[in-house]
Amino acid sequence: MDVLSFVIVGHVDHGKSTLIGRLLYDTDSLPPDKIEDVQKASAEAGRETEFAFLLDHLEEERKQGITIDTTQVFFKTDTRRYVIIDAPGHVEFVKNMITGASQAEAAVLIIDVAEGVKEQTKRHSYMLSLLGLRQVVVVLNKMDLVDFSQERFDIVTRDVADWLKSISIDPTFYIPISAIKGDNIARKSENMPWYTGRTFLESLHTLQNRQSPEDKPLLMPIQDVYKIGGKRISVGRVESGIIEKGAEVKILPMGRITKINSIEKYLEETNKAIASECIGITTTDSVFLDRGNVVCLPGAEPVLTYRIPANIFWMTKHDFRKDRKLTIRCATQETICKVESIDKRIDSSTLAVIAENSDKIRNLEVAEVIIKTKKPVAIKDFNDVQELGRFVLVQNENICAGGIITDIS
Amino acid sequence: MNYRINQLDKLENQSIFIIREAYSQFRNVAMLWSIGKDSTTLLWLVRKAFFGLIPFPVLHIDTTYKFKEIYDFRDKYTKEWDLNLVVAKNQEAISKEIGPDKGKFRCCNELKTVALKKAIAKHGFKALYLGIRRDEHGIRAKERFFSPRDEDFEWDYKNQPPELWDQYKTKAAEEEHLRVHPLLGWREIDIWEYIKRENIPVVDLYFAKNGKRYRSIGCETCCMPVDSDSDTIDKVVEELKVSKISERSGRAQDKEDDYMMQKLRSLGYM
């Protein structure tokens, strides 16, 4: 059975954890002892059954009624299994939201219909757009608070649609729901006869899995080299395309051409491997491969460069100053780098340009930059092969930014 | 394409990728083997990742309260798989006769967490592989694949590092060691389907005798069997497809207090 992972994002208190709790409850996905646990904890906190407690497991989360860190839970229907990634909505925890979203294939944007579009609604959806998550379902929650009014639903839907259009997201559905009461979650609501579209659960069935780029030219970044019984086995994951025994390949950055002598998997005989497989290889001549080398096909190489134009999102509390050195990690490639220019700084919740030709970047800002690396890096356009079109920046052993490469020529 | 990557292959590849990333970064590592089904599956994946020759020790934290079957299984496969087994005990606490009767929180903390601390101090491991999974417990669902611990072994769960696109945390000076969790994305039923597919040996306690079997094993004193007639792997898989009982319903650590698991884990528990 296929598995699809989706993340739920949106402003704080718009009902992400409650929606997930309700979905699990209405689809009969919860063990009785978990329901009891939640009822007990809710009673102790002096509340009605709080579905959000199914996910908000930390003591602090339950006492403050907010989600602090991203959580993943599993659930299944007759046709498919799902991994639901809950992401915190508070501005304080955007890096946790990004962590959650980076592991998803689709996204659900939740909006409190009484409050309308808020700061994190915008920031989160902009991050989805940057991360390449364009498969989005929008749910307008808390319809019970506006008497299930179609007029209110239409007004907020128009606002959301305008915003999403500006960041190139075209949602598949807009669904009016009440997570707390269960309207249009797993069952069609009787309170909104004017809505004839899908329930939230039905909308999930339409989401598509992300395909591994098997049909693209071969790219295999080397992770490590092991000496096993006199053989040097270079291990790594095939990120795109197919690798076959006997194939002529090129090793970047050195540019050596060699042939694949064997594909190595423990206790398995195999002559080929496809995108997403972790394998080992040996070559016909004694080429010394190393971590960070990229195996590709001659004539279909990625771009090898010292200059990377990219959009980065800064996600640490310390401001970045332009003269500071960073480490860039793209797949298994790693090198020291500097930011040559900060062409634009963008407010991630309004898209307003904060500054041009700047010398710093602040927490939660998105910036258009040119990165200058010490060693050459093999890159691809993010829309072509994501695995080599994205990277992280590291400072003092902490990941401080993510980056997307979309403009290489 | 003449073959497809199925869900178990995806999980296997993800785990092997993580295992190799951690070794590439730290070299001085060890893996925790509780001899249960999850860490035995992890051991299987580690053997695959390194082509049968595991380049680091396999660490068993021995509380001395484990089932006899666990010790027998450990000794048999240590030999058969040629493992570099390190057994760690908190001898001081054991000679003081610390046990579950002195309080479960104290017992778990002394005999597991403190024993682990001592072993890390002695061997200087920079990272530890653990077989925990998100679907086991709400607190574990919040974990990262690479999760730093400070010098007091504390897990700063309110300020976890970002983790995106298979780029993981590297070790900073103030961090004591990193926990590496290659099985985080596996569910209980995935583990069993993989055990079946790969023919991985597991301790007999998981199979029903006289209408009872263990779904989760640890210390004999703090594990309760569940009602079950599943005496083969196939029957266990079928049972899990319909069962609504939580996996750890027989584990005492999860029961005593709502936040006991959170408190144990923030002090360095697995």
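Here is a quick tour of the sheet in this model and the helices around it.

This is a predicted model, where local features need pLDDT of at least 70, side-chain atom pairs count only at pLDDT 80 or more, and totals for chains, interfaces and linings use all residues. Residues are numbered from 1 along each chain as its sequence is written, while chains are lettered from A and ligands numbered from 1 in the order in which they are written.

**The sheet**
- Chain A has an open sheet of six strands, in the order β2-β3-β1-β4-β5-β6, with mixed pairing (strands pair if DSSP finds at least two bridges between them; strands are DSSP runs of E with at least two residues, helices runs of H or I with at least four, both numbered from the N terminus).
- At the edges sit β2 (71-76) and β6 (173-176) of chain A, each pairing on one side only.
- On average, neighbouring strands are turned by 25° against each other, direction ignored (axes are lines fitted to C-alpha atoms, for helices over the stretch in contact, and angles run from 0 to 180 degrees between N-to-C directions).
- β2(A) and β3 (residues 81-86) of chain A run antiparallel, joined by six bridges; A:V73 has A:I84 in β3(A) as its bridge partner.

**Helices on the sheet**
- α5 (residues 119-130) of chain A packs on the sheet and touches β1, β4 and β5 of chain A (contact means C-beta atoms, placed from the backbone, within 7 Å).
- α6 (residues 150-166) of chain A lies across β4, β5 and β6 of chain A, at about 145° to β5(A).

**Helix against helix**
- The axes of α4 (residues 94-101) of chain A and α5(A) come within 11 Å and cross at roughly 40°.
- A:M97 and A:I98 of α4(A) are among the contact residues, as are A:R123 and A:M127 of α5(A).

Definitions and conventions: Two residues are in contact if their C-beta atoms, placed from the backbone, lie within 7 Å.
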